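Trainee: I would like to go through some labels and ask what each one rests on.
Mentor: Go ahead, one label at a time.

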Amino acid sequence: MVMSVRRSILSLLILGLILCLLLWPSVVLAEPVTQGECPGNTLLNPGFEEGFSERGAGEVSVANGWFPWWQEGPGQDKGYYRRPEYKPEDAARYGRRRVRSGNFAQKFFNTFSTHNAGLLQQVQVPVESTLTLSAWVQAWSSQHHDPGTVVDPGNYRVYVGIDPTGGTDWSSPNVIWSEPRIEYNTWMNLQVQAKSRAGTITVFLRGQPEFRTQFNDSYWDDICLTVQRPTPLPTRPPTATLTPTVSPTPTHTPTPAPGSICAGVYEDRNKNGQRDEGENLVANAVITLLDSNRQQLDQYTTDGVSEPYCFDGLVAGEYYLQRQNAPGYLSTDVDEAAAVVVAGERTEVTFGAEFVPTPTATATATATATPTPTATPMPLLDRVGSSVYGVSGIILAALALIIAAGLQVLRQRL
């Protein structure tokens, strides 16, 4: 009996140990990336754990705080440079193969086609700061549906980049890119450094397969941006001298020439973040000018003709522009942009928007009332005949009564 009880207890202990070992990886891997891995991270939603939202289409679902970008053509009719689909990679649904930490990663991909695309985010930093951007990415490119295999891959290259001037055009020569890497089904850490040249910088994540395959996918997680502020120059304390005090001759200090910021909103038909030939200006959009403390200074409503509109008389420094789209338009790039004013110079800012027509309601046919038939007046002869017929009936009835009365009288006399 004692031996049987011992065996039962031992069996329960072994079963509990097995369950702990099975559950332990999911518990450990579900923990979000710690600040110890990226101390001082200045990005919003760097691990893609703070929700996703659609950006103009159901197949473009992007992590909050980030913005999608992609190259439109050439060769789209042949399957090259198409817009990818953006989706959250949910570990609860698809497993942890493509999620490095936490519960989500950002996925973008094409099927039987290629893309040059990714995500971007703008960050405010001190000018002349040293920036270090790193990201974890996993690529899968294959002609076979088994995610564990790589068959005839499409040379899927991945990069990270920094625009130290804060621009949002991936093709700008200002963007500093990391060296491209091509590896599959393994986590790669990409890194690049730059020095900020403005109060706002832009970070880029980028995937670019060379050849069309059935699956051209990349999965991104745990993005990190650290900012090292510029070291102030040492100041030498003044040396006391016993020179006689001489009143300086007043000199005229020239007032710095004011600068300006000129802005407008255009129809970004190519969705490439820059105004191309033939793309019209957009009317009824609202552009708001803010100072470096984000206090409103001015506001302008576009007319679609006279833009770019210039906010003149601005002292040198950092400003922000915010835009509110005209009815029926959706943004194709950021809704807020930083701009640095240099004395006597003009800074230009453009916003892209896409017109999304509202479906028109189909007119419902109104039932037509059927007129109630009206009585057709009888011809005169018909009316006379009808009247005669009525009178003759009365006369016949009277004659019948008279005959009946006459017969009764005859019977009494007889």
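Trainee: This is a predicted model. What makes K107 count as having no salt bridge?
Mentor: The side chain of opposite charge nearest to K107 is D217, 4.0 Å away. A salt bridge needs a side-chain nitrogen of Lys or Arg within 4 Å of a carboxyl oxygen of Asp or Glu. K107 is listed as having no salt bridge, though it is buried.

Trainee: Where is K107, and which residues is K107 in contact with, leaving aside neighbours within four places in sequence?
Mentor: K107 belongs to strand β5. With those neighbours set aside, its contacts are E85, Y86, K87, E89, D217, S218 and Y219.

Trainee: Why is N185 called partly exposed?
Mentor: Its relative accessible area is 25%. Buried means under 20% and exposed means over 50%, so a value in between is called partly exposed. N185 therefore gets that label.

Trainee: What is noted about the phi of N185?
Mentor: Phi is positive, about 55°, and N185 is not a glycine. Most residues other than glycine have a negative phi. N185 sits in the loop between β9 (176-177) and β10 (188-195). F112 also has a positive phi, near 55°, and is not a glycine; its place is the loop between β5 (104-110) and β6 (117-124).

Trainee: Which value of omega goes with the cis peptide bond from G73 to P74?
Mentor: Omega is near 5° there. P74 is in the loop between β3 (67-70) and β4 (85-90). The bond from E307 to P308 is cis as well, with omega near 5°, and P308 lies in the loop between β15 (296-303) and β16 (309-314). Most peptide bonds are trans.

Methods. Residues numbered from 1 in each chain as written. Predicted model: local features only at pLDDT ≥ 70, side-chain atom pairs only at ≥ 80, totals over all residues. Heavy atoms only, no water. Helix = DSSP H or I, 4+ residues; strand = E, 2+ residues; numbered from the N terminus. Buried < 20%, exposed > 50% of the residue type's maximum accessible area, 1.4 Å probe, protein only. Lys, Arg positive; Asp, Glu negative; His and termini not counted. Contact = heavy atoms within 4.5 Å.
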